[in-house]
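Work through the exercises below with the structure at hand. Each task is followed by its solution.

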Amino acid sequence: MLSGVLAGCSGGQTQQQAGGKEPAQQSSGGAGGKATVQFWHSLGGKNGDYLNAMIKRFNETHDKIEVVGTFQGSYDETVTKLQQAVAAGTAPDVTMLERAYVQMFADSDVLEDMTPYMKKSGLSADDFTPGLMGHSTFDKKLVSSPFNRSTPILHINKTPLDEKGLSVPKTWDELKKVANALVVKENGEYKRYGFTMPYDTWYPIAMISQTKGKFFNDAQTSIGFGNGEGVKVFSFLKDLQSTGALYYPPAQDSGNIVNQMFSGGKVAMMYQSTGVIGSLLDTVKFDYVTAFMPMDQVYATPTGGANVALMADSKNKEAAWEFIRWTMTDPQGGLQFVLDSGYLPFTKKMVESQQIKDLWAKRPNRKVAYDQLQYATDTNKNVAWSQVMQEFFKAMQAIMYDNKSIDASLDTFKKETERILKK
C-alpha cells in the first residue's frame, strides 16, 4: 500500500535546502557498544548547521548512544527515499517528515505509536504548543511530534515604507496599495518589486483560508473552495504581478531566490517561513520587521515545517526515543535549535522558558509567528495530499507562469482532485 500511495510523491513543497551526503547505512551498534541511531532529515544551509550542532550536543552528553544525522534533500526527496527504504527494510530509526506527509506513512502502519514512550517519560500530547498538533495523531496513535515547525509570515523591509510614510499592511487591500507604492522602475527595468513569495502551495492555501475557503471540503470528496474564492486569490496575485508589485520567482530554487532578493533590497515585502528569520537577521542591513499575513475576510495561516517520527521497524527504539525525548525536554536540545533557527517553540515549556521570553523581548520579530498560531488551520490534511498537491502545482503553473485562464485552470484542478479522492 505504501508504494502505491506514495508513487506520486515527488513534488516541490520545500523551503530552502542545501547540500548533503548519501544515506548512512542502517546500524544497530556503534563503537564501544554504543547504540547507533540513524536520523534522516531535510535541513541544509544554516538550519542544517544548527541541527548538526544539536546532534553533536546530544552525542557529547550520551555515552551509550550515537545519533548519525543524514541530510536527505528536500522534504519531498526525503519522502521518496523513505518509501524506498521502508520497502527495502533499510529505513532509519528516526525521520523528519513534512507535516502533511505524516498521514500517508501513518496510514501504512510504518510509524511507531509514541504514546507509551511519552507516558513512561512523564509526557503527553498536552505538552506541545497548541496549533502544531494537527498532523500528529491518527487512529488514536501519536505517530509524530512537532520539531522544526513554522508558519508563513510577512517579512518587511520597513525602511522604504517609512520613507514613503506607509504602514505595515494588515489587509489585502492595504497590501496591494503598499506593494504598488514601493515599486521602483527605471528605463523599463524593475529595480525594486513591492512583494514576493516562493513558488509553493503554502501561500495560495493560506490566502484561500483567508477568504474563508478550505482546501478540502469537510467530506474529503472535493476541494473546499469554489471558483469565487480561488479566482479571488489568483486574480489578486495576477493583478500585482502585472504592475511589478509582485515578483513571482522561477520554480527552481525559488526560496533562495526570494530570500536573496529581499536581503539585497530588490523586493520590499515577502511571504516566507518564520524558519528563515535567523538567517535573514544575519544578512539584512535595513530595518527588518515581521507581521501577520494580511487578512481578506479573516486572518488565517497554515502551519508548515516538519515533525519527527519513530519508525516501527527500528531495532533501536529505546535509544531513538531517548533522542526524541531529549529534543523535547533538554534546553540544549530542541530549545537551542529553535533559538538558533527561527522555528517555533514546539512545547509549552519552551514557550514559557526564560530563554524564549528574553529572545522575544529582544527580537519581537520572532514572536509574530507564535502569535499568529491562534489563526492556524490544517485544511490540506488528507492521505492523498501528495497527489492533489501535484495537481495544484499544475494549476499554479498555468496561472502564474503561462497566463492561462484562472477559471479553467481551477476547474481542471477540481476535477482532478475529485478523481484522486475517489480512488
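Two strands pair if DSSP finds at least two bridges between them. The model used here is predicted.

**Exercise 1.** State how many bridges join strand 1 to strand 3, and in which sense the two run.

Solution. Step 1: strand 3 covers residues 94-98, and two bridges join strand 1 to strand 3. Step 2: the cut-off is at least two bridges, so two bridges are enough for a pair. Step 3: strand 1 and strand 3 run parallel.

**Exercise 2.** Describe the pairing of strand 1 with strand 2 and the path of the chain between them.

Solution. Step 1: strand 2 spans residues 65-71 and pairs with strand 1 in the parallel sense, over seven bridges. Step 2: within strand 2, Thr70 is the bridge partner of Trp40, and Phe71 is the bridge partner of His41. Step 3: on leaving strand 1 the chain passes through helix 2 (residues 45-60) to strand 2, and this β-α-β crossover is right-handed.

**Exercise 3.** Decide how many residues of strand 1 and of strand 2 are buried.

Solution. Step 1: buried means under 20% relative accessible area. Step 2: in strand 1 (residues 35-41), seven of its seven residues are buried. Step 3: on one side these are Ala35, Val37, Phe39 and His41, and on the other Thr36, Gln38 and Trp40, so both faces are covered. Step 4: in strand 2, five of its seven residues are buried.

Definitions and conventions:
Residues are numbered from 1 along each chain as its sequence is written. This is a predicted model: local features need pLDDT of at least 70, side-chain atom pairs count only at pLDDT 80 or more; totals for chains, interfaces and linings use all residues. Side-chain values use heavy atoms; hydrogens and water are left out. Buried means under 20% relative accessible area, exposed over 50%, partly exposed in between (1.4 Å probe, protein chains only). Helices (H or I, at least four residues) and strands (E, at least two) are DSSP runs, numbered from the N terminus. A crossover is right-handed if, with the strands pointing away from the viewer, the path from the first strand over the helix to the second runs clockwise.
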